[in-house]
Amino acid sequence: MTLLRDMRYPTPHELALAARALADEHPAVVRLRQAGTSRAGQPLWVLSVAATGRAPAPASAPAAPRDVLVVAGAHANEPVGGATVLSLARRLLHDPAPRAGSGWHFLLCADPDGADLHRTPRPYSLLDYHRHFFRPPGPEQPEWAPSLLPPDRLPPETLALTALIDELRPVLQVSLHATDLGGSWVQLTRDIPGLAEPFGKSAAELRIPVENGASDAAGWPSPGPGIFVIPQPGSEAAGAFHPEDTRLSTWYHAHRYAGATAIVEVPMWASDLVDDPTPHPDPRGALRMLARRLGEDTARVAAVRDGIRRGPLPYEDPAAAPLLRAVDWTLALIPRITAEWAGDGAPAEASAAYVASIDAFARRLSLRAAAMLLRVLRTQGHPSAPGLDRLVTGWCEDFAARFQARWVPVATQVEHQSRTVLATYERLIASAS
C-alpha cells in the first residue's frame, strides 16, 4: 500500500518485499515463488493469486484452463508495471469475480538487472528521467531476445519466462509497458472483440490520450481507437519498427496453448498531440524532415561515441559496458529507420497523431543514446561530458515543450493499466464463450 501512496515506482527489491507481505497476509490464496534467476543472479519472482475456491497450486501441478500471466518490467526504463501487478493482485483479493475459474500469475520484474541500472523511482521531469536512463539492446531484452538470438544464446530471463508460459499455458498473457511521452495504446497478437470501448472509457475518465497513430504500430490493423493487432511477419505493415519475426518473441509463446497476448502501454507524460485524428497535410514531407533531423542528431551522438573509442575508456569496463552496448545498438538501428521514413515507405495519407507519434519516436531514439552515453562520460570525468550534458538538457526541454507534456501521476498510470488488463481478460473470456 505504501508504494502507491508514495506515488513512485517500486524497485525490484521493494516489489519482492511487498509481494512477500501480501503472500504472508493471505496464505490460503496467494503464493510467492522463484521462477528463475537473472544473469546477475537476482531472483525472478512470481506472485500467484489462486482461482476462486482453489488454493495456490505447487509448481508441478497442472494449471487451470483459463490462467492468466501478467509480465512486468520487460523493459528496464518502463517501471510502472511493477506497481500495476501489486495493485491488480490486491484488486483480485477484494473482487474475486475475475478469479472464477482463473488463477492469476504476476512476474514481478522480467529484467531486474536492467531495472537496477535505470534508477528513476520518482522522476520530476523528462530530464530527471533521462539522467539515469537505461534500456538494454534488443538481444538483452527478455521478450525480444528470441527474435534476435539463436536458441542456445537466449538469456536466462527469457528462458525463465518461456518456461513459465509452458507451465501455466495461459489463455491470456499481458505484458505491461510504458512510453515516456505520448498516449496509451494496446497491441494484440490476436483481435479481442469489444476491447476498444472499455479501454477508451478508462483513458477518457483519467485524462490519458489514446495514441491513435502509434509509431510502434504503423499500418497495423486497428479494430478501434488505440487498439492494434500485430500483422503477419514480412507484411508491409510490419515496417521498420519490428523488422524481426515477432512470432519468435515471447509474446507469441502462449499461442502454442491457444492463448493470446496483449501489450498495454501507458504514458509517463501525456500529450494530446498523439490523439489528433486530423489529416496531416504532408505526411511524406514531414517524415523526410524527421528523418533528416534524426540523422543529424544521431551524427552528433555518434561523433562523441567515436571519440571515446579512441580514448582510454575500455568497452570491457564492467560499469560502462551495458550502457555502451545499448548506445551502440541504438545508433546502429537508426539508419534503417531513417531510410524507411525518407523512402517510399512513408504513407501518402496519415493523421496528425501519426506524424506526432513518429516525431516523438525520433526524438527519444537519439535522446536515449545520448543520455546513456552521458552516464558513462560523467562517471569517467570525460572532457566531452559537459557538452553532451547541454545537448541532453536541451533535447529534453525541447521534447517537453513541443508536445506540451503533462505528468501522469503514477497512481493514474496504474489505474488505467489495471483497468485495461481486467477489461482485456473479460472481453477475451466473453468472446470465447
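Buried means under 20% relative accessible area, exposed means over 50%, and partly exposed lies in between (1.4 Å probe, protein chains only). The model is predicted: local features need pLDDT of at least 70 and side-chain atom pairs count only at pLDDT 80 or more, while totals for chains, interfaces and linings use all residues. Residues are numbered from 1 along each chain as its sequence is written, and side-chain values use heavy atoms, with hydrogens and water left out.

**Salt bridges overall**
- The structure holds 18 salt bridges, each a side-chain nitrogen of Lys or Arg within 4 Å of a carboxyl oxygen of Asp or Glu.

**Arginine 131 and aspartate 389**
- The closest N and O atoms of the salt bridge between arginine 131 and aspartate 389 are 2.6 Å apart.
- Arginine 131 belongs to helix H5 (residues 126-131) and aspartate 389 to helix H12 (residues 385-402), so the pair ties together parts 258 residues apart in sequence.
- Helices (H or I, at least four residues) and strands (E, at least two) are DSSP runs, numbered from the N terminus.
- Arginine 131 is partly exposed at 23% relative accessibility, and aspartate 389 is partly exposed at 21%.

**Aspartate 328 and arginine 305**
- In the salt bridge between aspartate 328 and arginine 305, the closest N and O atoms are 2.8 Å apart.
- This pair links distant parts of the chain, with aspartate 328 in helix H10 (residues 321-342) and arginine 305 in helix H9, 23 residues apart.
- Aspartate 328 counts as buried at 18% relative accessibility, and arginine 305 is buried with a relative accessible area of 3%.
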